[in-house]
Amino acid sequence: MSDCCYRTVKQLSFLCSCSPRPVIVSAHLLKLQVSQLTRSIRVIMVNYTVEVVGLKRDEHIDITLIGTDGCSKDLTFFWGKTITISCEESLGTLLMVKLEARPWHMLINEWYCDKLLVTTPEGNEISFPCYQWLDSKKPVVYLRDDKAKLRAQETDKQLHIQRVEELNKRRQDFKWKEYYFGLPSVIDTAGASDLPNEVKFSFTKEIEMAYNIESVLIKLNIETWTHWSHSWRDERELRSLLHYPDINVYVQDHWKSDEFFGYQLLNGLNPMTIERCSELPQNFPVTDETVKSIFPGSDLTSEMQKGNIFLCDYKRLSNFVGNVISGVQQYLAAPLCLLFSTPEKKLIPIAIQLHQEPSKTNPIFLPTDSECDWLLAKIFVRNAEFIEHELHFHLLRTHLLAEVFSVATMRNLPSAHPLFKLLMPHTRYTLHINIMARNKLISKDGIFAKFTSIGHGDEIQKFLIKAMSSLTYNSLCLPDNITERGLKDIPNYYYRDYGQELWDIIHKFVKELLTCYYKEDEDVKEDGELQLWIKEIFQFGFGENEKTGIPQSFQKVGDLVKFVTMVIFTVSSQHAALNNGQFDFGGWMPNFPSTLRLPPPANKGEATEQTIFDTLPDVNTTVYGLAALYLLSKQSSDRRQLGQYTEELFGDEEALGEIQAFQEALQEFEKKVKSRNKGLHPPYPYLQPSYVDNSVDL
C-alpha cells in the first residue's frame, strides 16, 4: 500500500500523525477522505477480463483465477458473456480457472461453455478450453490453458496436483465393466442417461436418434407391409417395396451377376474376408477337372501360382444353430467360396461349398450348375457375409474397440496431455451409441434377436469370441493387413487404394503433431500417463493376450505414432468403410439377407425360383431389416467429418500448423477421390473424406 493510502487510512481513525492532538473530522471531510481512499485503491487494482465463448446456459457460476502468485476472489457470473475480475495485485502467470456451479433455489442447473478467453492486465489473451458441462454430478472444474504439456514438462506443483485430481475424478466417472467373458470390456453404466454430459449425444443428435424403426417405416412408406409373414411372391413384388436411391437400383439390377458378387467382396460392405489362395484347404476339394471350363488354356493350379485365385472362408460360422423367428426355424451356413481374378480384371466366384466338411450331401456348387442352384449357393454366402460384416468387422473391430480406446483415454490422459487433445474429437458420441447398440441391437430382445439368423441366446457373444481369435495388431493396421491377406496386387480394390492413401495422410499428421511434444524416444518411455493408457488398452481391450501383438508399452516415438494412427483410422475411416454403405448394398434384401428360412441345399438340381423366395426372409423380416439398415446408415446433421476439429483444444502454433496441413491434405484427397469416382460404376465414396466421420458415432 502507498504512503498516501496508508496515511488516509490512519486519518479515518480520527487521529492525525502530523498533529500533536486529536482532530475531529467533519462529515464533509470524512466524505472527502473516503473519496481519496477510493481513488487510491483504484490506482493499485489490476483487472482481468473474462469472456465466455459458446455459452449454452445462463446460470450462477463462480469464477476464480489461479496464478503463480495467488488467486482472485470468487466472482459470481450470471447473464452476459464478459466480466471483469479486479485484484489488488497481479496473480503472476495464470495457471487455471476454477468454475463452480452455484445452487439456485436449492438446485444446481446445467451450465456449459466452449472456452474462456482471459485478458491479463498486460493485454495478453489466454484461452482456457472447457467443452464440458457443470451440473450436480460435477459442480466444480479446473480449466487449464490451451498449451499441451507432458507431465514431465510441468513446472508448477499446482498443475501437477490438478493432473492427478482430474484423472482421479475421471476414473470414478469412467469405470470398466466386463461385457462378456473373452470380449473387450465396456464402460460401467446402467444406461446412456448415466454418462457424463460431455460424452452424451447433443440435443440434435438425441432427437435424430429417437427416430426409431417405426418412424423409418413410415418415412419409407412401407409400414403397411409389417404384418405380412409370408414369402415374397416374386422379384417384381419385392421391387415394388419402395423407391430406391441410385446405388440401390444398381444393386437390384446386378445382384445376381458373378461379377458384382466378386466386386462386393472387394468394395462392398465387407472388404475384409477375402484373401489370396496359394493352396486349397484340405476340406475344400476343388480340382482342376472341377473348374476346367473356367480356365481355357490354363488350370486352377497354374492360376494359384500366378496369384489369381482367392478364398473367402466363413469357418467361424460352423456349429451355430439358426434362430427361430415368428415360430419358424431359420438357417445359416459356414461356406467356402473360391474366386478367380480374370485377365479382364474382374473377380468372379468359381466354386462354393456351403459346409466346412465335404460330404455327399455337401456338394461344391459351380457357375455351370443350373441358374437357381448357383444363385441359391451365392445367397447363402451373402447371408454369411451379413453375419461376418455386422458382428465381426463392424461391431467388434470398430465399435467395441472404439469404446476401449475412448474409456482408456478418459481414464489415463489429462486434458493438458497432447494425446488427449488429439484423440478427444475421435471419441465423440462413441460411448452413447455403443450403449444404444447393446440395448437395442444385440440385446436378447433387440433387432438381431428378432430379425437375424444368429440372434438368439448367447450366439452373438459366442460368435464374437471366435472372432477375437483373429483380432491382431497387424490385422488392424491397413498396410499390414493387406500384405498378410496377399491383396497388394489384386486389381480394382478401391477400399485398399483409398484406404492406403488415407492411412498415409493420417500417419503423417500423427507423426508431425506428436513429435511437437515427444522429441525423442526417452520422452515416450518416461511418460507414465501414456504407458498406463496403452496398458489398459492391452488389458481391457485384448485380454492381455500377447499373441495379438498389441503393444503393452511404448519404447519409441515411431511405435506410438503407428498405434495412434491405427486408433484414428479404425474409428474414422475403417468404420466409414464398413458402416456407411449398409443401406446402399443391404437395402435390396436378396443381396444381403439377414436370415434364411430353408436349410442349405444338400443336392444339386432341386432349386427353383420358388425355392429361392421361400429361402429368403419373409416380408415382415425384410421391411424391419431394411428399416434398421436405413437408420444405421443415416448420418446426423451435427456430424463432424474427418479432420473437422471444431473444439479448439490446441493452442500451440506448431500443433495448429499441423492440423491445418492435415485438413489441406484431406481436401486434396477429396478432389482426387471425386475425380476417380466419376469413372467408376458404381462409385466408391465410402472413404471420401467428406463421407468419413471423426469417430464411431453411428
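Leaving out residues within four places in sequence, glutamine 688 is in contact with Glu670, Val673, Lys674 and Asn677, where contact means heavy atoms within 4.5 Å. Glutamine 688 lies in the segment after helix H24 (653-677). Here a helix is a DSSP run of H or I with at least four residues, a strand is a run of E with at least two, and both are numbered from the N terminus. Is glutamine 688 buried or exposed? Its relative accessible area is 6%, so glutamine 688 is buried. The cut-offs are under 20% relative accessible area for buried and over 50% for exposed, with partly exposed in between, using a 1.4 Å probe and protein chains only.

Some background before I go on. This is a predicted model, in which local features need pLDDT of at least 70 and side-chain atom pairs count only at pLDDT 80 or more, while totals for chains, interfaces and linings use all residues. Residues are numbered from 1 along each chain as its sequence is written, and side-chain values use heavy atoms, with hydrogens and water left out.

Two strands count as paired if DSSP finds at least two bridges between them. Strand S7 (residues 111-119) pairs with S8 over eight bridges, in the antiparallel sense. Opposite leucine 117 stands serine 127 in S8.

Another open sheet has five strands, in the order S12-S13-S16-S17-S18, and its pairing is antiparallel. Which strands are at the edges? They are S12 and strand S18 (364-365), each pairing on one side only. Strand S17 (residues 347-353) is joined to S18 by two bridges, and the two run antiparallel. Isoleucine 352 has phenylalanine 365 in S18 as its bridge partner.

Two helices pack on this sheet. Helix H8 (residues 258-267) touches S13, S16 and S17, and its direction makes about 95° with that of S17. Helix H10 (residues 371-412) touches S17 and S18, at about 90° to the direction of S17. Axes are lines fitted to C-alpha atoms, for helices over the stretch in contact, and angles run from 0 to 180 degrees between N-to-C directions.

Back to the strands for a moment. Strand S13 (residues 309-313) is mostly covered, with four of its five residues buried. Strand S12 (residues 275-276) is joined to S13 by two antiparallel bridges, and arginine 276 stands opposite phenylalanine 310 in S13. With strand S16 (residues 336-341), S13 pairs over five bridges in the antiparallel sense. There, aspartate 313 stands opposite leucine 336 in S16.

Lysine 378 counts as buried, because its relative accessibility is 3%. Not counting residues up to four places away in sequence, lysine 378 touches Lys256, Ser257, Asp258, Phe261, Pro349 and Ile352.

Last, a helix pair. Two packed helices are described by the angle between their axes and the distance between the axes. For helix H3 (residues 157-173) and H10, the axes come within 7 Å and cross at roughly 140°. Leu167, Arg170 and Arg171 of H3 meet Thr409, Met410, Arg411 and Asn412 of H10.
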